[in-house]
Amino acid sequence: MKEFEYTIKDKLGIHARPAGMLVKAASQFQSVITLDTGSKKVDAKKIMALMTSGAVQGTVVKCTAEGPDEEEAIAAIQKFFKENL
């Protein structure tokens with residue numbers, strides 16, 4: 001299992017546009033990718049789960065990837081967060 005923590009910088013948090021983009025990025029991998037906001041743990045491949053995760057600006061999220069391509073998955077998701085959130 002691979003993981004990283006990231007503090008949401010986008011003033012709107014994880015809203016519709018970045019949630020859709022994140023689902024698209026996460027869906028390219030076989031690994032199970034989850035986001036933990038501290039109060040909720042959600043599947044990064046499910047848009048409604050992401051949008052209702054409560055990840056607003058300043059929220060520290062822990063992202064984990066577990067599976068056959070976890071190295072590539074965690075690197076891609078970490079890059080996505082830095083560029084979009």
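Two strands count as paired if DSSP finds at least two bridges between them. In this predicted model, strand 2 (32-36) meets that criterion with strand 4 (residues 60-66), the two pairing in the antiparallel sense over five bridges.

The hairpin formed by strand 2 and strand 3 has four residues between the strands, and G38 takes a positive phi near 100° in it.

The loop between helix 1 (16-26) and strand 2 contains S31. Because its relative accessibility is 0%, S31 counts as buried, the cut-off being under 20% relative accessible area. A polar atom of the S31 side chain lies 3.1 Å from the backbone nitrogen of E70. E70 is also one of the contacts of S31 once neighbours within four places in sequence are left aside; the others are K45, E66, G67, P68, D69 and A73.

Helix 2 (residues 47-51) includes M51. With a relative accessible area of 36%, M51 is partly exposed. Beyond its neighbours within four places in sequence, M51 is in contact with I14, H15, A16 and A19; helix 1 spans 16-26. M51 and V61 are ten residues apart in sequence, and their C-alpha atoms are 14 Å apart in space.

Notes: Residues are numbered from 1 along each chain as its sequence is written. This is a predicted model: local features need pLDDT of at least 70, side-chain atom pairs count only at pLDDT 80 or more; totals for chains, interfaces and linings use all residues. Side-chain values use heavy atoms; hydrogens and water are left out. Buried means under 20% relative accessible area, exposed over 50%, partly exposed in between (1.4 Å probe, protein chains only). A polar contact is a pair of N or O atoms within 3.5 Å; within protein, one must be able to donate a hydrogen and the other to accept it, and residues adjacent in sequence count only if both atoms are side-chain atoms. Contact means heavy atoms within 4.5 Å.
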